[in-house]
Amino acid sequence: MSNDDSGLLFPTAPESDGFVSGSGDGLFDGPIDGEDDGELKPLLGDDYYMRAALRCAQQAADAGEVPVGAVAVKDGLIIARSWNQVELLKDATAHAELMLIASLPQIVGDWRLDGIDIYVTKEPCAMCAGAMVNSRIRRVIFGMRDPRCGCAGTALDITGFPGMLHNVEVTAGLMEEECKEMFQTFFRTVRANARKKKS
Ligand SMILES: [Zn+2]
């Protein structure tokens, strides 16, 4: 993918489905928080992309969803973003990573997502880790480890399981405190609201 004349970091987008950003829904077509000034930034580090994933997670939290956000990066560019939408869609598979992976073939023109990295605020579950393997994601970088359901090396190691057709390189625990804090804040608020309702 190359940056076109639009000067945006997200020049390509899937047809609008209204849910995955970069989809022409107007949510992410321009600068966000001063993040995108139209210039290529080839030397951005992992933290930059994780901060973008955290902003996606905040979108989920603002909508009352469990705050998990993810971005896909190819050649240093964020090419798609997504966040958890299980409640909105009433769909247990509407995890940030799975929706992101489902949107990518329209952007890169192939189901094989070689050379694409996914930054996600929480360790992928079995379903999402499996989708990363099957779609040949190069690398997953996640924030919060999930001792109960994390399948990128913590509870299970689906991304690195010997004998799989493909192994996904894993970087665990990037900006873990920030990612965990967002999670904990969300659940504190949910519990407080539940208590208010009872009283
Ligand atoms: Zn998942």
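Strands here are DSSP runs of E of at least two residues, helices are DSSP runs of H or I of at least four, and both are numbered from the N terminus. Two strands count as paired if DSSP finds at least two bridges between them. For β3 and β4 there are five bridges, and the two strands run parallel.

Before I go further, two remarks on the source. Residues are numbered from 1 along each chain as its sequence is written. This is a predicted model, in which local features need pLDDT of at least 70, side-chain atom pairs count only at pLDDT 80 or more, and totals for chains, interfaces and linings use all residues.

Now the overall layout. The chain has five helices and five strands. From the N terminus on, the order of elements is α-β-β-α-α-β-α-β-β-α.

Back to the strands. In general, strands of a sheet pair through backbone hydrogen bonds, either parallel or antiparallel. On its other pairing, β3 meets β1 in the antiparallel sense, over five bridges. Within that pair, Val71 has Tyr119 of β3 as its bridge partner, and Ala70 stands opposite Val120 in β3. Ala70 also has a bridge partner in β2, namely Ser82. β1 and β2 run antiparallel and are joined by six bridges. Their hairpin has two residues between the strands, and in it Asp75 takes a positive phi near 50°.

Put together, the five strands make an open sheet with mixed pairing, in the order β2-β1-β3-β4-β5. Which strands stand at the edges? They are β2 and β5, residues 169-171; each has a single partner strand, so one side of each is left without a neighbour in the sheet. The twist averages 20° from one strand to the next. For angles, axes are lines fitted to C-alpha atoms, for helices over the stretch in contact, and values run from 0 to 180 degrees between N-to-C directions.

β3, α4 and β4 make a right-handed β-α-β unit. Right-handed means that, with the strands pointing away from the viewer, the path from the first strand over the helix to the second runs clockwise.

Next, burial. A residue is buried if 20 or more other C-beta atoms lie within 10 Å of its own, exposed if 12 or fewer, and partly exposed in between, with C-beta atoms placed from the backbone. Of the 199 residues of the chain, 38% count as buried. In β3, seven of the seven residues are buried, so β3 is largely enclosed by the rest of the structure. In β2, six of the seven residues are buried, so β2 is largely enclosed as well.

On to the helices. The 17 residues of α1 should span 24 Å at 1.5 Å a residue, and its end C-alpha atoms are 24 Å apart, which agrees. The expected span is 1.5 Å times one less than the number of residues. Among the buried residues of α1 are Tyr49, Met50 and Ala53. The buried residues of α1 pack against β1, β2, α3, β3, β4 and α5. Just after α1, Gly64 takes a positive phi of about 80°.

α5 has 23 residues and reaches 33 Å from its first C-alpha to its last, close to the 33 Å expected. This helix lies across β3 and β4, running at about 60° to β4. Cys179, Met182 and Phe183 are buried in α5, and their cover includes α1, β3 and β4.

Last, the core. A nonpolar core is a set of buried Ala, Val, Leu, Ile, Met, Phe, Trp, Tyr and Cys residues joined through C-beta atoms within 7 Å. Which members of the largest nonpolar core touch the most others? Of its 48 residues, they are Ala53, Val71 and Tyr119. α1 gives the most to this core, with eight residues. Leaving out residues up to four places away in sequence, Tyr119 touches Tyr49, Met50, Ala53, Ala70, Val71, Val73 and Ile141. Contact means that two C-beta atoms, placed from the backbone, lie within 7 Å. In soluble globular proteins, nonpolar side chains tend to be buried together.
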